[in-house]
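Please read them with the structure open.

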Amino acid sequence: MEKIPENIYVNISPDKMKAFITISPSSDNKIPSLNELLNILKEKGVVYGINESLLNVILNQKIFNQEIMIAEGIYPIDGTDGRLEFYFNIKKDRKPIILEDGRVDFRNLGLIENVKKGQKLCSLIPPLPGKDGKTVTGEIVNYREGKPAKLPIGKNVEIAKESDLLVASIDGQVSYTNGKINVYPYYEVQGDVDNSTGNINFVGNITIRGSVLSGFKVEAGGDIEIWGVVEGATVKAGGDIIIKRGVQGNNKALIISEGDIVARYIEHGNVEAKNDIKAEAIMHSNIKCGGKLELSGRKGLLVGGSIKVGKEINAKVIGSHLAIATEVEVGVAPALRETHKALKQEINKLENDLKKTEQIINILLKLGESNMLTQDKNELLERSLKTKQLYYSRISQLTNELEVVDEQLNKEASGKVKCYGVIYPGTRITIGPAILLVKEDLHYCTLYRDGMDIKVVPLK
């Protein structure tokens with residue numbers, strides 16, 4: 001081993017990632033060569049990352065008595081940790097949306113995100129490898145491997161066949177809280193549906209512990225339970241709707257259920273149920289009920305508005321001593337009656353269009369007889385003849401459908417009205433094709449259809 005001159009000092013940092021050199025003037029003023037310095041560094045163990053250009057500068061410019069970093073290693077690049085990729089919004093922003101016209105939309109806040117069974121929720125992104133480092137002494141410094149992420153398994157989620165994918169095991173509301181993904185089959189609002197919640201649209205069941213204020217919408221794939229009042233709002237459910245207090249609709253409320261509707265009272269509302277409706281009082285509302293309408297409790301009141309019921313009406317009081325107009329139709333499912341109405345309207349429209357088409361055809365045929373039919377008008381004549389044929393075909397098809405619906409209406413018109421108190425004048429009762437305009441009080445009675453008449457018999 002060569003003896004290192006006393007005027008040359010090499011210092012290596014504790015982590016061996018840097019090396020420094022200090023050169024002092026020698027007693028004989030001799031300047032070492034580049035090779036001599038490289039050999040000295042080697043003797044000291046510095047073999048990697050040497051900056052030879054800087055050594056030349058030090059020698060050429062005779063930079064003495066300064067500690068200069070002359071070699072530097074490469075630090076390792078650690079591997080990247082694995083991560084999660086989410087397929088839903090994990091950051092719920094309650095800020096309202098600014099509309100194009102500058103107004104603020106406080107109703108569509110997007111706080112609920114619905115998912116379907118089997119829907120992708122989250123996947124694993126594997127760790128990425130790093131790169132080894134090297135010290136100035138030539139030693140390899142191993143990188144730290146990235147840690148794999150773990151699937152945040154919560155309630156009602158499951159790992160798909162691919163082990164790095166998390167999916168929903170039920171339909172519901174997806175939520176990411178406390179590092180876990182959960183899918184809840186129900187959604188609960190602690191207070192009112194108002195600007196703080198916005199409109200609500202959820203695939204499962206909804207419980208609202210307050211009221212639904214005017215202008216807002218609540219839609220559920222399942223049942224809806226409302227502890228307070230429904231004002232002039234829209235409430236739609238794929239299941240039942242229960243309103244513990246009632247409906248104060250101001251003629252703006254729209255409540256639609258694919259199941260039953262139960263409310264303490266309904267006032268100035270538009271209410272549709274595929275099955276039954278139960279309430280203590282219904283006042284000045286438009287009601288469509290595919291099954292049975294039952295008005296019970298202390299009042300059992302049905303007054304004002306339009307009431308269409310598929311099977312049966314049970315009530316204590318129908319109408320009012322003030323002779324308020326109350327339209328009651330029973331015995332035909334409202335949906336079937338609306339189908340009948342829609343078919344008739346479409347047939348009438350097609351017949352009017354057909355009449356106009358025939359007029360055009362007649363004008364063009366007369367032009368043809370006078371040899372005044374240009375090519376454009378001849379093409380119009382051909383198109384009009386085809387259109388006429390299409391109208392005939394469609395009218396024939398709809399007429400056949402209307403006949404079937406008519407048969408169903410006559411067959412199904414077998415509903416009843418049961419009154420446990422009084423039916424007042426001003427009430428109009430329709431059962432199938434039979435109509436009864438009540439002109440005097442009817443007490444404790446049952447009304448049913450007998451041919452083209454409505455029979456009134458004592459209540460049994």
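1. Two strands count as paired if DSSP finds at least two bridges between them; strands (E, at least two residues) and helices (H or I, at least four) are DSSP runs numbered from the N terminus. Strand β13 (residues 172-177) and β14 run antiparallel and are joined by five bridges. One of the residue pairs is S175 with its bridge partner N182 in β14.

2. This is a predicted model, in which local features need pLDDT of at least 70 and side-chain atom pairs count only at pLDDT 80 or more, while totals for chains, interfaces and linings use all residues. Residues are numbered from 1 along each chain as its sequence is written, and side-chain values use heavy atoms, with hydrogens and water left out.

3. The open sheet that holds this pair has three strands in the order β7-β13-β14, with antiparallel pairing. Its edges are β7 (114-115) and β14 (180-184), each with a single partner strand, so one side of each has no neighbour in the sheet.

4. Overall, the protein has four helices and 36 strands. Its radius of gyration (over C-alpha atoms) is 43 Å, well over the 23 Å that the globule rule (2.2 Å times the number of residues to the power 0.38) gives for 460 residues, so the protein is more spread out than a compact globule. The C-alpha trace spans about 135 × 80 × 45 Å along its principal axes.

5. Buried residues (under 20% relative accessible area; exposed is over 50%, partly exposed in between; 1.4 Å probe, protein chains only) make up 37% of the 460 residues.

6. Which residues of helix α1 are buried? In α1 (residues 34-43) they include L37, L38, I40 and L41. These four cover an arc of only 160° around the axis (taken from the directions from the helix axis to the C-beta atoms), which puts them on the same side of α1. N35 and K42 are exposed, on the face turned away from the buried side. The cover over the buried residues of α1 includes β1 (8-12), β2 (18-23), α2 (52-60) and β3 (68-72). After α1 comes G45, with a positive phi near 100°.

Methods:
Contact = heavy atoms within 4.5 Å.
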